[in-house]
Amino acid sequence: MTNLVTVALRDDVAVVEINNPPVNALSPGVPEALTRALDEAIAHPAVRAIVLAGAGRTFVAGADIRDLERAAWNADVEPPDLHELLARVEDAGKPVVVAIHGTALGGGLELAMAGHYRVAVPSARVGLPEANLGIIPGAEGTQRLPRLVGVERAIDMCVTGRLVPASEAHADGLIDRLIDGDLLDGAIAFARQAARNGPPPRTRERSDKLGTSAINAPLLEAGRQLARKVRRQQTAPLAAIEAIEAAATLPFEQGRRRERAIALASVRSDQCRAMVHAFMAERAVAKVPGVTDQASAQNAADIREVAIIGAGTMGGGIAMACANAGLAVVLTDVGRDRLDAGMATVRRNYESSITRGRLTREDVDTRLARISTQVGYDAIAGADIVIEAVFEEMALKRQVFAAIDAAAKPGAVLGSNTSMLDIDAIAAATRRPEAVVGLHFFSPAHVMRLVEIVRGARTSNEVLAASLALARRLGKVGVVVRNNTGFVGNRMMLPYMYEAQFLVEDGATPEQVDRVLTDFGMAMGIFAVDDLGGLDVAWRIRRELNQFSEPGARRPLVADRLVEMNRLGQKTGMGWYRYDGGRTPLPDPEVLAIVEQVASEAGIRRQPISDEEIRERTLYALINEGARLLEEGVALRASDIDVVYLTGYGFPVFRGGPMFYADQVGLKKIHDRIASFHRSFGERWKPAPLLARLAGEGGERGGTFRAFDEGRYA
Ligand code: 3H9
């Protein structure tokens, strides 16, 4: 085993370096090794100051999340406790200068704050992202941060969890000096100077930035409001504010004890388990057996130029995503007018980023300069990846792919941004089906993180590896799924959406269903989503796929009626809701009249439906279909399905995704409920065989998808 921590003498300065790749997490053994190294440096008579740094690509990314996970699931496993280490740093008696590059996150920043000074390279970023994991900074971060930057900034960092650039942290007083040249040399020089300046300051003894209760009361309240807004229904950010309040009102020792108690409760919470699962699941999707473990994955990083065919909403959004990531983009379409219109939208989107303060004019100019436009297929000749984003129609896509095949260079990846269509049928229009892959981006493509990477029957591993590399390069999450109608996301979406519509026909209202779903935590209700995307989209799918053609199948009647009435959603100002010129969905009595009319024509006796039934029928429809996808091998893991729903469909992260949520409810309970729906409502509720099987395993509650992923069932 390599040394987790090394000590090197640079004359009178000891350089203590943490070396625990890939991100120097404070895994078991690291705090102990660090303590020993510090003791050595403290005891060494020639050492006047200590520099604490991280080896490799970054400083320290925090506590080891796997330790946290064990503590979250196991009442007798204690979460990591860094108190003694931090006290050793702060009480070293010699100045400890923390040298930051890459990121200092969570426990990493907490460690840095125990040091007497912090220096950083300008590209470094610092943050307390614990809220992303459903916990609070539990290594005295909520106590030291407000002492360094004040209560208001501390709340902002803990609630948003954002990564703060070094320059901003410097302006806030969190970083003492920015080092332009070599970080270690700069840190050592700083440390020598500090050693001459007398006894090192201890942050825990400071109170000058803590404010008074009169000053802090409105800040704490504003923080709680911010937390409720940006992290709706999440408990950790509010708990962090409580701990910050303790910092502002109690002596350090009492404050830190309070923090520890709050931290413990947060680690043991359902939300922590769900959010740690989400973190791990997002890393797991990057590992596809047979693809990312091959040498082919290595070559995939070499993507420089992307060609996009179709300058509509999706094409423009994908062009922005690529330009934002520093790639050269050539956007092409059949006519100059289309390209001009597409670029006008791209420019408008960028302008709004400037207005909102997200980008500077200079940023935007650089990004726009990366996008060139050209009519015709000659444009794509130099591209490493070609992404087709034309209208969702098979004949058109096949025609476009034949043309791409003729123009693209050998070895190029040929991607289709289809959301539903058969990727094998598209690939068959080319002479190189192994190069063809689905790259299903979500709208708006420059914002949404999900890309479904659709593996056709003949798609090569190299092409899949390159697609994963592209997604990563774009800062997105690529999930490899097998070809089938609707892939993972949309295939699950349809039964969920139709069940919501049947609920309305049976007696609920669109606003009741949407309220139940948003109360559950969904970013938007399903009817608001349908109005946003357009009711004609699903209508066209119903026709193209000849859905509901089996005898006895229940067809969504109201949706058809609304489309016939040209109530297509936001684009026509009316759909399931009315919009009155804005974007806010307003309940519409006319819709209810239509629903009642349609129901009575169909002989449906509408009656009140409970919120619980709504929750079950919508979410269990999603889960049942998810189980089918898993069994069919369309999704590789249940956790991949979770990632799709978390990053592409607004599923609340604090519930971990639909399959994780199913585990929490209990698969036996879900299966039994689905079986009762099957008896009442017919074949659409037939329990997925895998769900039935898992429900019968693993004891009283049934098995879990989590255990299925881990291969715990034969
Ligand atoms: C904490 O500190 C609690 C304290 O307040 C209280 C303690 C008492 N642990 O994301 P990447 C792995 S909570 C273990 O692909 P990037 C990751 O799983 C922690 N492993 O790279 C992956 O492994 P693999 C607060 C970790 O360059 C590999 O590193 N800190 C940890 O895109 C590469 O990760 C956070 O929440 C960890 N802490 O991004 C930071 N972090 O190769 C969480 C990463 O096997 N981490 N790994 O799949 C991040 O945000 C990003 O990973 C980071 C690098 C920005 C660091």
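Me: In which strand is Ala307 found?
Reply: Ala307 is found in strand 10, residues 305-309. Strands (E, at least two residues) and helices (H or I, at least four residues) are DSSP runs, numbered from the N terminus. This is a predicted model, in which local features need pLDDT of at least 70 and side-chain atom pairs count only at pLDDT 80 or more, while totals for chains, interfaces and linings use all residues. Residues are numbered from 1 along each chain as its sequence is written, and side-chain values use heavy atoms, with hydrogens and water left out.

Me: Is Ala307 buried or exposed?
Reply: Ala307 is buried, because its relative accessible area is 0%. Buried means under 20% relative accessible area, exposed means over 50%, and partly exposed lies in between (1.4 Å probe, protein chains only).

Me: How far apart are Ala307 and Glu388 in space?
Reply: Their C-alpha atoms are 8.4 Å apart, although Ala307 and Glu388 are 81 residues apart in sequence.

Me: Changing topic: how many salt bridges does the structure hold?
Reply: The structure holds 62 salt bridges. A salt bridge is a side-chain nitrogen of Lys or Arg within 4 Å of a carboxyl oxygen of Asp or Glu.

Me: Which residue forms a salt bridge with Asp91?
Reply: Arg202 forms one with Asp91, and their closest N and O atoms are 2.8 Å apart. This pair links distant parts of the chain, as Arg202 and Asp91 are 111 residues apart. Arg202 is in the loop between helix 8 (183-196) and helix 9 (213-230), and Asp91 is in the loop between helix 3 (83-90) and strand 4 (96-100). Arg202 is partly exposed, with a relative accessible area of 30%, and Asp91 is partly exposed at 37%.

Me: Which residues are linked with Arg202 and Asp91 in a network of salt bridges?
Reply: The network also includes Glu90, Glu140, Arg144, Arg204 and Glu205.

Me: What about Lys397: which side chain does it meet in a salt bridge?
Reply: The side chain of Lys397 meets that of Glu392, at 3.2 Å from N to O. Lys397 is buried, because its relative accessible area is 0%, whereas Glu392 counts as partly exposed at 22% relative accessibility.

Me: Where do Asp519 and Arg515 lie?
Reply: Both lie in helix 21 (residues 510-520), four residues apart, which is about one turn of the helix. Asp519 is partly exposed at 45% relative accessibility, and Arg515 is partly exposed at 36%.

Me: On to the strands: do strand 1 and strand 2 pair in the parallel or the antiparallel sense?
Reply: Strand 1 (residues 5-10) and strand 2 (residues 13-18) pair in the antiparallel sense over six bridges. Two strands pair if DSSP finds at least two bridges between them. Arg10 has Val13 in strand 2 as its bridge partner. The hairpin of strand 1 and strand 2 has two residues between the strands, and Asp11 there takes a positive phi near 55°.

Me: In what order do the three strands of the open sheet come?
Reply: The order is 5-7-8, and the pairing is mixed. Strand 5 (103-105) and strand 8 (164-165) are the edge strands, each pairing on one side only. Strand 5 and strand 7 (residues 125-127) run parallel and are joined by three bridges. Thr103 has Arg125 in strand 7 as its bridge partner.

Me: How many residues of strand 17 are buried?
Reply: Five of the six residues of strand 17 (residues 477-482) are buried, so strand 17 is largely enclosed by the rest of the structure. Strand 16 (residues 450-455) pairs with strand 17 in the parallel sense over six bridges, and Leu450 stands opposite Val477 in strand 17.
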